[in-house]
Amino acid sequence: MTQTSTSGVTPSTGAAPLAVELTGVHKHFGTVHAVDGVDLQLASGEIVAILGPNGAGKTSTIDIILGLSQANAGQVKVFGMEPRQAISRGLVSAVMQTGGLLRDLTVAETVEYTASLFARSQDLGTVLRTAGISTIADRRVGKCSGGEQQRLRFALALLSNPDLLILDEPTTGMDVEGRRGFWATIRKDAEQGRTVLFATHYLEEADAYADRVILLRHGKVVADGTSAEIRAMAAGRTVRATLPGASEALLAQVPGAETVEVRGESVFVHSSDSDATARYLLTQTAAKDLEIIARGIEDAFLALTGDNAESGAATSGATR
Amino acid sequence: MSTPTIAADVAGRRTPALGGFNLTLLKIEIRRLTRNRRTVVIAIVIPVVFFLVFGLGQTYDTQRVGHGNVAAFVMISLALYGAVLATTFGGALVSIERAQGWSRQLRLTPLSPVAYIVIKVLTALVLGAVSVAGVYIAGAVTGKASMSVGLWIGTGFSVWIGSLLFAAFGLFLGYLLPAENVMQLLGLILGLLSFAGGLFIPISQFSHEVQDVLKWTPLYGLNQLVHTPLLGNGVDWTWIVNVLAWLIIFSWGAVWRFRKDTARV
């Protein structure tokens, strides 16, 4: 790129421009608060995952960033402008989950159609190759498999060489290999400064590929950090042991115990101090076969987004 | 503001000219239309068949009417029927695009909603032109229709431009109705409106009370106007009021539904 910075913009040192800036954003449908006061700042070049259970407000938040729906309150800026302005400049593109393609066009026609809409677009052949669909260019979209259609949507999103790419459940319907290849492509682009925001149900995907994970619950951000930080927020370990005749009331008195669970002869003590819990169980009770289990990001996710979780605090254990 | 919000390459980005309207879009849209066999058959083949079956072979075909003959009169009526089918269908294709989520996909591109509507209307007009040409070619090849060259061109052009009214109608109903069966429903509605507007039989066949009502149906005014050059009988102001009123109603409806749609999508 050879563009020089415009006046008033500080040269490259220090603060990177914000790709997305949400301030106090609210969106409600009737009495349902889909987005309930979200603040969010994405810097250029970050790969950020939005995680949350169904109805947490992931898609509503993405729709607002893309200008597909209007926030009822709050400010939305994408590269410092209104979402629609950013889109019409080809700065932002998105791969949505379903639909969005005309069945009676061919793959190549769909790409040509979309490319013609941008002031400047990438070479069509290159985009088809990058997305891995050059061999099916002449096929009707209606005859393509779900995975092929998804790759076509990805190709469309790359056409404008966007600075921000938004992906809603991007690898749904892809096999493991396809998923890995997809993320390798995304990472390579991000190294060149592209910001990527994706919503996913695959916790391990967020864990493995995102620099930063944002957890949403009931339209609020309940955690925001690296996946290691998220795990630490729901800190603690689970101590499991075999202890016949244990009662939950008594176990709750065990040092470090936060929540306890009895399943048959097994007891599970979710503990903030697993050493103290284990020492107590082994010396003061008849517990045996003791195990100490670290929580994964999945537990952290459940702890932070579960319905019995206190907002923002890691108190409850894995539920069910 | 302390944070710089414009990156170097952000400043270099431009929006497309004309809200994204371009000839590649038109080319692909027209190619798409030709793939929709049912639309092509209904909008082009049926009016020609109607003309050949019902319009010709009558004893009064060659009877003089105004500056031409009866066959020319019938040809204009059926060309209007075809053009109206074509432009309505062209406009109503938005319902299929909405159902397939394509409208939403387009909101992620620089294409402006107005440019999208312009593309839809132009595509509908191309199909309408082919439909008019089909009936006129049938009229010329069979050698029955007779009027001056100026009238062939003048009436054909009036029919084509007049069908714009129904591009608005198609857009309105395309946004209003669900995609399933919208085409069948429109075919039925247009058949009824064509009867009411006097495209198939003169409305003078009906009683005066019925005629008074039919004169305010959407195709009556347009049908009268496109026959005026042939008949040379002058224009009644109520025909113009009819066309303008329906144009306002259909356009208002299309804009209303379109606004709703873009707010919700």
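Over how many bridges do β11(A) and strand β12 of chain A pair? The count is 6, and the two strands pair in the antiparallel sense. Keep in mind that this is a predicted model, with an ipTM of 0.84 and a pTM of 0.79.

- Chain A comes in two domains: domain 1 covers 18-231, and domain 2 covers 236-294.
- Going by C-alpha atoms, the centres of domain 1 and domain 2 of chain A are 43 Å apart.

**The sheet in chain A**
- Here you'll find an open sheet of 4 strands, lined up as β11-β12-β10-β13 (chain A), with antiparallel pairing.
- Look at the edges and you'll see β11 (257-263) and β13 (288-294) of chain A; each has a single partner strand, so one side of each has no neighbour in the sheet.
- From one strand to the next, the twist averages 15°.
- Zoom in on β11(A) and β12 (residues 266-271) of chain A, the pair from the opening question: A:Thr259 sits opposite A:His270 in β12(A).

**The helix that packs on it**
- Helix α10 (residues 274-284) of chain A packs on the sheet and touches β10 (237-242), β11, β12 and β13 of chain A.
- The direction of helix α10 of chain A makes about 10° with that of β10(A).

- Chain B has an average pLDDT of 88, and 95% of its residues score at least 70.
- Residues 1-8 of chain B are another story: pLDDT stays under 50 there, and the model has 24 contacts beyond four places in sequence for them.

Methods
Residues numbered from 1 in each chain as written. Chains lettered and ligands numbered in written order. Predicted model: local features only at pLDDT ≥ 70, side-chain atom pairs only at ≥ 80, totals over all residues. Domains from an automatic or database assignment. Pairing = 2+ DSSP bridges. Axes fitted to C-alpha atoms, helices over the stretch in contact; angles between N-to-C directions. Contact = placed C-beta atoms within 7 Å. pLDDT = per-residue confidence, 0-100.
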